[in-house]
Amino acid sequence: MTTPQDSSPTIKTERIVIKGKVQGVWFRDWTVDTAKQLGLNGWVRNRKDGSVEALFSGNPNVVDEMEQRCRRGPRYAVVSGVEVFPSDEEPGTGFEHKSTE
């Protein structure tokens, strides 16, 4: 039995907003390190409302993995919610901190 060719996109880009105790607990540095280890492109920044926002772009399975990791966050984070939005934004190359918005 043959299976049809996988028609899923080779690149997935999504913007996520992480809420809870996510500032002052190394969330952005953890995000940069984790995203780089996973080979994702994009950025992360604090938001004035106390949340953290990130853009992840790469292999769809890896983007999904990063989203799941953000639901837990680094050791001292307390994540109370994650909002996920598909994005057409250009992620650039590599992964970086952006200024607070």
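Where do F27 and W30 both lie, and how many residues apart are they? Both lie in helix α1, three residues apart, or about one turn of the helix. Welcome to a predicted model, in which local features need pLDDT of at least 70, side-chain atom pairs count only at pLDDT 80 or more, and totals for chains, interfaces and linings use all residues. Residues are numbered from 1 along each chain as its sequence is written, and side-chain values use heavy atoms, with hydrogens and water left out. Helices (H or I, at least four residues) and strands (E, at least two) are DSSP runs, numbered from the N terminus.

**The sheet**

- Five strands make an open sheet in the order β4-β1-β3-β2-β5, with mixed pairing; two strands pair if DSSP finds at least two bridges between them.
- β4 (78-86) and β5 (95-97) stand at the edges with a single partner strand each, so one side of each has no neighbour in the sheet.
- On average, and with direction ignored, neighbouring strands of this sheet are turned by 15° against each other; axes are lines fitted to C-alpha atoms, for helices over the stretch in contact, and angles run from 0 to 180 degrees between N-to-C directions.
- β1 (residues 12-21) and β3 (residues 52-58) run antiparallel and are joined by seven bridges, with E14 standing opposite F56 in β3.
- β2 and β3 also pair in the antiparallel sense, over six bridges, and here N46 stands opposite V52 in β3.
- The hairpin of β2 and β3 has five residues between the strands, and G50 takes a positive phi near 95° in it.
- β2 and β5 run parallel and are joined by three bridges; W43 stands opposite E96 in β5.

**The helix and the core**

- Helix α1 (residues 27-38) lies across β1, β2 (41-46), β3, β4 and β5, and runs at about 170° to β5.
- The largest nonpolar core has 18 residues, and those with the most contacts inside it are I16, I18, F27, F56 and C70. Such a core is a set of buried Ala, Val, Leu, Ile, Met, Phe, Trp, Tyr and Cys residues joined through side-chain atoms within 4.5 Å.
- β1, α1, β3 and α2 (60-72) each supply at least two residues of this core.
- F27 counts as buried at 1% relative accessibility (buried means under 20% relative accessible area, exposed over 50%, partly exposed in between, with a 1.4 Å probe and protein chains only).
- Leaving aside neighbours within four places in sequence, F27 has contacts that include I18, V22, V52, C70 and V79, where contact means heavy atoms within 4.5 Å.
- β2 is mostly covered, as five of its six residues are buried.

**Aromatic rings**

- There are two aromatic pairs in the structure. Rings of Phe, Tyr and Trp (its six-membered ring) pair if their centres lie within 6.5 Å; planes under 30 degrees apart count as stacked, over 60 as edge-to-face and the rest as tilted.
- F27 and W30 form an edge-to-face pair, at 5.4 Å centre to centre and 70° between the planes.
- F56 and F95 form a stacked pair, at 5.6 Å centre to centre and 15° between the planes.
- This second pair links distant parts of the chain, with F56 in strand β3 and F95 in strand β5, 39 residues apart.
- F56 is buried at 0% relative accessibility, and F95 is buried with a relative accessible area of 6%.

**A loop residue**

- E90 sits in the loop between β4 and β5 and counts as exposed, at 63% relative accessibility.
- E90 and T13 are 77 residues apart in sequence and 8.6 Å apart in space, C-alpha to C-alpha.
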